[in-house]
Amino acid sequence: MIRFGIIGTNWITKEFIEAAAEHPEFKLSAVYSRTGEKAREFAGQFGVETIFTNLQKMAESNEIDAVYIASPNSLHASQALVFLENGKHVLCEKAIASNAREVKELIEMAREKEVLLMEALKTTLVPNFRVISENLHKIGTVRRYFASYCQYSSRYDAYKEGNVLNAFKPEFSNGAMMDIGIYCLYPLVALFGKPEEVKASGVMLETGVDGEGSMILKYKDMDAVVMFSKITDSSLPSEIQGEDGRIVLDKINVPEKVEILYRNGEKEDLSQEQSRKPMYYEAAEFIELINNGKTESAVNSLETSLTVMEIMDEYRRQMGIVFPADKNS
């Protein structure tokens, strides 16, 4: 059994626990929150007795082997470092940090302590994404990657009424790119690596974060176009366009239907059955890596996480988005 500690007591943490609980080697052993009351309340929902209100004590504890971090983006790097320093494996929600400097610090510490560090980005680990790389050769030379993820935030109405919640605060390293755009970028980098050039545009909100944005990313023989938003909805599918056909994904964040549309008019359905909850697959990957003594995922690799963050840093530079976390960069 891999004994997990949990940081964060929000909906995404519950979603992760419920998904990971389907794995026979997952054990929820401890919960952290800043207040004992909230920690006990959350832990009680899952029958867990061990709680912590001190992060350092949790990291030093013999009660856990690994930690899942789902706190605000701005806290990810500092919290992950504490656990890495204490030899604990770290599965950290996207975005894994606030900027590339922080990602490099995490990678350096993980390698020094020889423990597993992985970004919890579910898209690239679900069966319907893995099937893409296996069939990419069928569409010939790839010329364009297009990804769209636009989801009107449940917190945007409050924002328009003057109540600014964490989702739109730069001090929490938030905004459309950090929360939504990463789902468009991560698969791109996982499949095609680092672009040569990035051009960014978008809509800035008064708080200093982006409400929506888009990018054109130049590669040697192809380009990529990504669009993302927290202030509008879209039902556009995403595509990888080749000279012989195109792969169409219904949703870039969690693809459920994947098919090839060939230039000759033929279709091939690549869709895989995903009987598990989407976050199960990242938990399974993480647990399997620990069991095999690996300190890095070949899919959600440290290089991919760093490259994605470097792209997001460049997007923010062009947009003029500055986080408090950038002051030491």
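# Strands, helices and cysteines: a guided look

Guide: Welcome! Let's start with a hairpin, formed by strand 11 and strand 12 with 2 residues between them. Strands here are DSSP runs of E of at least two residues, helices are runs of H or I of at least four, and both are numbered from the N terminus. This is a predicted model, in which local features need pLDDT of at least 70 and side-chain atom pairs pLDDT 80 or more, while totals for chains, interfaces and linings use all residues. Residues are numbered from 1 along each chain as its sequence is written, and side-chain values use heavy atoms, without hydrogens and water.

Visitor: What makes strand 11 and strand 12 a pair?

Guide: Two strands pair if DSSP finds at least two bridges between them. Strand 11 and strand 12 have 4 bridges, in the antiparallel sense, and therefore meet that definition.

Visitor: Why is strand 12 called largely enclosed?

Guide: Because 4 of its 5 residues are buried, the rest of the structure largely encloses strand 12. Buried means under 20% relative accessible area, exposed means over 50%, and partly exposed lies in between (1.4 Å probe, protein chains only).

Visitor: How do you know which side of helix 6 the buried residues line?

Guide: The buried residues of helix 6 (127–135) are N128, F129, V131, I132 and N135. Seen down the axis, they fall within an arc of 155°, so they line one face of helix 6. The arc is taken from the directions from the helix axis to the C-beta atoms. An α-helix has 3.6 residues a turn, so residues three or four places apart point the same way. Among the elements covering the buried residues of helix 6 are helix 8, strand 11 and strand 12, where contact means heavy atoms within 4.5 Å.

Visitor: And what about helix 1: which of its residues are buried?

Guide: In helix 1 (11–20), the buried ones are I12, T13, F16, I17, A19 and A20. Their arc is only 165° around the axis, which puts them on the same side of helix 1. Their cover includes strand 1, strand 5 and helix 9.

Visitor: What makes N10 a cap of helix 1?

Guide: A side-chain oxygen of N10 lies 3.3 Å from the backbone nitrogen of I12, at the N-terminal end of helix 1. A polar contact is a pair of N or O atoms within 3.5 Å; within protein, one must be able to donate a hydrogen and the other to accept it, and residues adjacent in sequence count only if both atoms are side-chain atoms.

Visitor: How do you know how many disulfides there are?

Guide: The search of the whole structure finds 0, a disulfide being a pair of cysteine sulfur atoms within 2.5 Å. The sulfur of C92 is 20 Å from the closest cysteine sulfur, in C184, so that is too far for a bond. C150 is in no disulfide either, with the nearest cysteine sulfur, that of C184, 7.4 Å away.

Visitor: Are E114 and S173 buried or exposed, and how do you know?

Guide: E114 has 64% relative accessibility and therefore counts as exposed. S173 has 1%, so S173 is buried. Phi of E114 is near 55°, positive in a residue other than glycine, and S173 has a positive phi of about 55° although it is not a glycine. E114 lies in the loop between helix 5 and strand 6, whereas S173 lies in the loop between helix 7 and helix 8.
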